Amino acid sequence: WLTFSQECSTTIYYSQKSLKASFASLEANLHHRMRLARSIQKASALETHYQTKHPLHLMYKDVLDEVAEARSHFDLANVWSNLAPSGNIYRLNGLEQMRLAHCADLQAQLRDLAEERADILGDRPLDDRCDDLVKALQKTKVGLALGKSEKDEEIGWDDDVLQTEGFPVLEEFLVGKVSVGWPVVVPLTPVGWSAWWNSQLIGCIVAFVQTIGPVLVVLSLWQGPTNYLRDPLSTWERLTLSNTFCESRALSDWCTVLMGVMFSFFVVVQLLNYAASELDDVYKFGRLAGCTSFWSVAGAYINMWCVLWNIVALPLSFWRMEHAVDVILGSWGLLFMFNLDDLTGVAGEILGSTDDQFQRCLCWNYALLSQCPVELKDVVNPQASSADDFWIFTLTDKAIRSTRSEEKANALTRVAASEQTPLLAKSGGDRLPSMDSMRGAMRFSPTGYVYNLPSANTVTAAALWRMIVYVLRLMQVLLPLFFFVVNKPCLPDIPLKK
């Protein structure tokens, strides 16, 4: 866990709120310099290409330079995308709900400490004493008790970056005040409340549309004359070669049928790719944050529900089409409905959030919790005489040292390795870490329940997604054939009267 924290420490030097301005400025400056260097290189290469007779040699050299640059550059965004799932409104709300639960418990412990140590904090209102402790926290120097290894020296890890002024872990959960109200925890700051309310409102609307919308589509088409599933016996009777390859069928009808065959295949392939990615994402989110959140539990099943009803609605809507262009518009309508919750779609545009931001926040939150003590008393100075020397933070090779232990043992952290976690995690492709074999345990309070990650709900959701993937693999072959065979009945030629 400390190794994972060291990888994140360069980006979580301060808490997310205090880091926002400086990180944005640094990132913009870095990207600007990189774009400028690449622009100069490309401009120089193009100028040389125009002046030479055989520019392919220089073009090949530019490709090698870019490959060498990519190999030497370590992109943390690639690490976050490898560890965290793609973002949607349900996971975003689940992450925020989990974070607020930790904030509520830690802030309650802070108020208890302010009451217990009122003798050194002064006879003042409780909120003022809590504010003094937070201000002292932001000025306390973090100490180190790390064992230097040869591997760290080879990598060139600089442990000094861990010696921050202030402890970013507790700052993240203690700075913004929250209020506990059944059955949710809400932020009290105006900005936090507005963001929380918007995400909850959009989440409820999207959940309602994805739950009710596909059902309404099927019900509206089920009683129609083009629903050949409503009377399966009569549909079975006309399944003949003469009816399938009807000679009297108009050209426009043949265009509609063939367009429906192609787009039924492409829509099922899109649903299959989505289900396969959800199968991977449900394990990723289950390892990092999938525990008690209502949104994290309900979101997976809402997406399953939407995908299954879209499979039923697909032939019903295509049978109703009169022109080939209607098939294109109908397929986009079906795909639009189950993509509503994605942060790359409508939900992300409304909330102003992206996949990269969600993955970064999820990994940051996990890394911070791995160094966050379950009890604040483990980082309190027993001999403190004022707020200035109230805190003691000492990072060890595994976690953070407890001030209450005479044997200098580590404090219990809110995210810790469970007994099933192997000592070494498997390495994924491209030298990126893999969390496939990792097991963790999350605690929200000293006396509360210990949640194993991934949870039983994660295993159940993954099993259901795996079954849907198998069904869609079969449907991508059968559904286009079924749509081609079962279509508009062939009308016999009627001779015209004189």
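View 1. Strands are DSSP runs of E, at least two residues long, and helices are runs of H or I, at least four residues long, numbered from the N terminus. Two strands pair if DSSP finds at least two bridges between them. Four bridges hold the antiparallel pairing of strand 6 (residues 440-443) with strand 7. Met442 stands opposite Tyr451 in strand 7. This is a predicted model, in which local features need pLDDT of at least 70 and side-chain atom pairs count only at pLDDT 80 or more, while totals for chains, interfaces and linings use all residues. Residues are numbered from 1 along each chain as its sequence is written, and side-chain values use heavy atoms, with hydrogens and water left out.

View 2. Strand 2 (residues 178-181) and strand 3 run antiparallel and are joined by four bridges. Ser179 stands opposite Val186 in strand 3.

**View 3. Helix 13 beside helix 14.** The axes of helix 13 and helix 14 (residues 294-319) come within 11 Å and cross at roughly 170 degrees. Axes are lines fitted to C-alpha atoms, for helices over the stretch in contact, and angles run from 0 to 180 degrees between N-to-C directions. Helix 13 and helix 14 are therefore roughly antiparallel to each other (angles over 145 degrees). The contact (heavy atoms within 4.5 Å) includes Phe263, Leu271 and Phe285 of helix 13 and Asn303, Ile311 and Phe318 of helix 14.

**View 4. The largest nonpolar core.** A nonpolar core is a set of buried Ala, Val, Leu, Ile, Met, Phe, Trp, Tyr and Cys residues joined through side-chain atoms within 4.5 Å. Buried means under 20% relative accessible area, with a 1.4 Å probe and protein chains only. The largest core has 59 residues, and those with the most contacts inside it are Phe167, Leu170, Trp391 and Phe393. Elements that give two or more residues to this core include helix 7 (126-139), strand 3 (184-187) and helix 13 (251-288). Helix 5 gives the most to this core, with nine residues.

Technical notes
Buried < 20%, exposed > 50% of the residue type's maximum accessible area, 1.4 Å probe, protein only. Parallel < 35°, antiparallel > 145°, perpendicular 65-115°, else oblique.
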